[in-house]
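User: I have just opened this one and would like a short tour. Could you walk me through it?

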Amino acid sequence: MNNLPSIKQLQYLIAVHQHQHFGRAAEACFIGQSTLSSAIQTLEETLGCQLIERENRSLMFTDIGEEVVVRAKKIIADTMSVKELTKSYKHPLSGKLTLGVIPTIASFIAAPLYQFCKQHFPHLQLVLVEDTSDRLLDKLEHGHIDMAMLALPYSTEKFHTQVLAQDHFSLVHHTDYTVAEGVEDFNLLPEQSVFLLEKEHCMTGHALSACHLNRSACINPFEAANLHTLLSMVEYQNGVTFLPKMAINAGILDGKSMTTKASQADAYREIGLLWRKTTGRIRDFRLFSEKVGVFVSEQCQ
């Protein structure tokens, strides 16, 4: 038992792998470079193999070194999970919780969500991070955020997913844009009359899928970077778009000469919370998702 790598040594190894430089890794660990180099050398002696090839000012991880880094990350994650578990048991929903939220959700519920959490979780420090789905999942995987709130469906097999609510889509157009009136099959809309967000926004894919819009001729080649630009195109009677109920309830159409029409009953996106399967805060996250699920459902009604 005495001849085992230490947690600190494994953390140093991961830092070197991340920065690919001893000096920068030492700075990130708030130690001297000689201390870090000595720790890595001791780790190699303990394991009986070379993990890093050093030549002048360059370095390269050996094959076994790469494998050890993968295992080290899991060991560190499991160790953190133990600490989180005991803290969560003693003080449920307390301390800091970093929640990542995609823009097409955060734009409408960020502020009220803060207030909701202050009221229901007075000992919890909620920190919101707004980013795209792909980036949030990467941050979640690497421990930079604790949870993520996304629109589903999305590829989330690596994480535990808790569906909170269904957010139904509506057709939106200017009150004087009579072309869209009476259209039941959205594929019969005029050519290039449907305006959508950039493909990087998952709401575009969700809208197309949920509304069964499969005729590409309907879709305008213009791709809006945000919802306000999208609505400006529709407001000038250039065509139509699809908005989730959450956005409409938040007042995004207030003061605009717009009208909405509910789409097919199954035209919706799901709002879900995700967290790592290895986390030690499962008890906290389940309680959080239960309470926040009620809040999110109200925003989508």
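Analyst: Let me begin with helix α10, where D284, F285, F288, S289, V292, G293, F295 and V296 are buried; please keep in mind that this is a predicted model.

User: What spacing puts helix residues on one side?

Analyst: In general, an α-helix has 3.6 residues a turn, so residues three or four places apart point the same way.

User: Where is the kink in α10 centred?

Analyst: The kink is centred on V292 and amounts to about 25°, and V292 is also one of the buried residues of α10. The end C-alpha atoms of α10 are 25 Å apart, which agrees with the 26 Å that its 18 residues should span at 1.5 Å a residue.

User: Switching topic, which domains is the chain divided into?

Analyst: The protein chain is divided into domain 1, covering 7-81, and domain 2, covering 91-300, and their C-alpha centres lie 40 Å apart.

User: And why does the largest pocket lie between them?

Analyst: Both domain 1 and domain 2 give residues to the lining of the largest pocket, so it lies between them. The largest pocket has a volume of about 1,500 Å³, and of the 40 residues that line it, A77, M80, E141, H142 and G143 lie nearest its centre.

User: Which element gives the most to that lining?

Analyst: That is α4, with 12 residues, while the lining as a whole divides into 11 nonpolar, 13 polar and 16 charged residues.

User: What volume does the second largest pocket have?

Analyst: Its volume is about 150 Å³, and the residues lining the second largest pocket include H21, F22, R54 and E55.

Notes:
Residues numbered from 1 in each chain as written. Predicted model: local features only at pLDDT ≥ 70, side-chain atom pairs only at ≥ 80, totals over all residues. Heavy atoms only, no water. Helix = DSSP H or I, 4+ residues; strand = E, 2+ residues; numbered from the N terminus. Expected span 1.5 Å × (residues − 1). Bend = angle between axes of the 7 residues up to and from the residue. Buried < 20%, exposed > 50% of the residue type's maximum accessible area, 1.4 Å probe, protein only. Domains from an automatic or database assignment. 1 Å grid on protein atoms, 1.4 Å probe; cavity = no way out; pocket = protein on both sides within 12 Å on 5 of 7 lines; lining within 4 Å. Points joined across faces, edges and corners; volume = space filled by probe spheres on them. Nonpolar A, V, L, I, M, F, W, Y, C, P; charged D, E, K, R; others polar.
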